[in-house]
Amino acid sequence: MSGLKELKNRIGSVKSTQKITKAKQMVAAAKLRRAQEAAEASKPYATRMANVVANLTASMGEGAGGPKLLAGSGDDKVHLLVVMTAERGLCGGFNANTAKAARLKIEELQAEGKTVKIITVGKKGREVLKAQYADLFIEHVDLSDAKDKFTPYAIGLGQDLTKRFEDGEFDVATLVFSEFKNVLTQTPVAKQLIPAEAPEDAETIDLGGAIYAYEPSEAEILESLLPRYLNTQILSAMLENAAGEQAASMTAMDNATRNAGELIDSLTLQYNRARQAQITKELIEIISGAEAL
Amino acid sequence: MADKLHFSLVSPARELFSGEVDHVIAPGSDGEFGVLVNHAPFMTTLKNGVVRVEENGETTMRLFVRGGFADVTPAGLTILAEEAVNLDSVSAESVQKEYDEAHRALLAEGKDGPQVHALEEQVAYLESLKAALTN
């Protein structure tokens, strides 16, 4: 039977753990609201942008060529995976899930005999994938100083990708990140960035037979639109990821706080029983001592 | 009352305006253009400048956009701006302050710093924003 002192120490330590998890939960809840707002505020731009791209590509027609970012390099040997995770832990299976999705994707591509390169965004995913795929890493984007301002990072990464693509470093770029469905569900998804794909759910507008006029030319518009489309996709992925991280963190910490509470209850019960048993024992000793006199 | 034009202006940060208006005048990269209801499908890139919204022949709102796209479809006009501000919500002083800061940063960066291009763009943007505010 564990001693009273030991039990007391354990209760104390679980209590301080609970305080930490509770604090982290509240911080996550507050941050979640902000992150969610930011993610939602950026949605109209992203959807409209997607619609515009969908319209333009539809009017360009299939196989009409167009800029390389849209048409691709004409090959698909070298795949680049951009794996987006969080900078911090303490958020349940959030990072592990994304890393797992990335691993599956890598294995699938390697089984097809493709060359895979990896760019990691966020420290945690890098740590998980390092063990297996360290030699595939070509770049890492550190978001630990980003706070809530992801725009420069998204633009930076977008420009980097465009440059690497133009230099022929890869043929296809895929982004793996956590889609923020709601507070309880975040699903890792893979989204093709280059060659650009117009989303399937984008509404194409019926022009009623009219012909689009472009100013300057269609090709020039696409030329300047596609890099922005790329940046927008990266930015919204970053925002969704940030919201997802906070949501996962909140849920994980809520569970941890509840578990700690249960543990404290059962330990306290054990402690009280032990204390009572000891008192009874002491009383019996005193009484039997007195009787012996 | 005749039909109205559905106009929305969004920037990556948020949706600045969405609603029905009479007339929108926007700074296309090949020249300023106006859009009324039932305009033919049209798409253009934008340069830095002021988007004016008119109701009954009077300007009701002035929004400053930093580059972007305008897309006119039968459903209405959508402007995707890289950055946009409502001119009624900014003060000349705050813009002047930002401009001074950007200008100082540009001077500090020297001629061949890595940020020169971005800073020059920022200064040009703030300069035209300042000009838009004063008239």
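**Exercise 1.** How many bridges join strand β1 of chain B to strand β2 of chain B, and do the strands run parallel or antiparallel?

*Solution.* The model is predicted: local features need pLDDT of at least 70, side-chain atom pairs count only at pLDDT 80 or more, and totals for chains, interfaces and linings use all residues. Residues are numbered from 1 along each chain as its sequence is written, and chains are lettered from A and ligands numbered from 1 in the order in which they are written.
- Locate the strands (DSSP runs of E, at least two residues, numbered from the N terminus): β1 covers residues 5-10 and β2 residues 15-21 of chain B.
- Strands pair if DSSP finds at least two bridges between them; here there are six, and the strands run antiparallel.
- Within this pairing, B:His6 stands opposite B:Glu20.
- Four residues lie between β1(B) and β2(B), which form a hairpin.

**Exercise 2.** Find the strand pairing that links chain A to chain B.

*Solution.*
- Take β6(A), residues 213-215, and β5(B), residues 42-46.
- Three bridges join these strands, which run parallel.
- A:Tyr214 stands opposite B:Met43.

**Exercise 3.** Describe how domain 1 of chain B meets domain 2 of chain B.

*Solution.*
- Domain 1 spans 5-88 and domain 2 spans 91-134; such bounds come from an automatic or database domain assignment.
- Their C-alpha centres lie 24 Å apart.
- Six residues of domain 1 are in contact with five of domain 2 (C-beta atoms, placed from the backbone, within 7 Å).
- On the domain 1 side, β6 (49-55) and β7 (58-73) of chain B each give two or more residues.

Terms used
Two residues are in contact if their C-beta atoms, placed from the backbone, lie within 7 Å.
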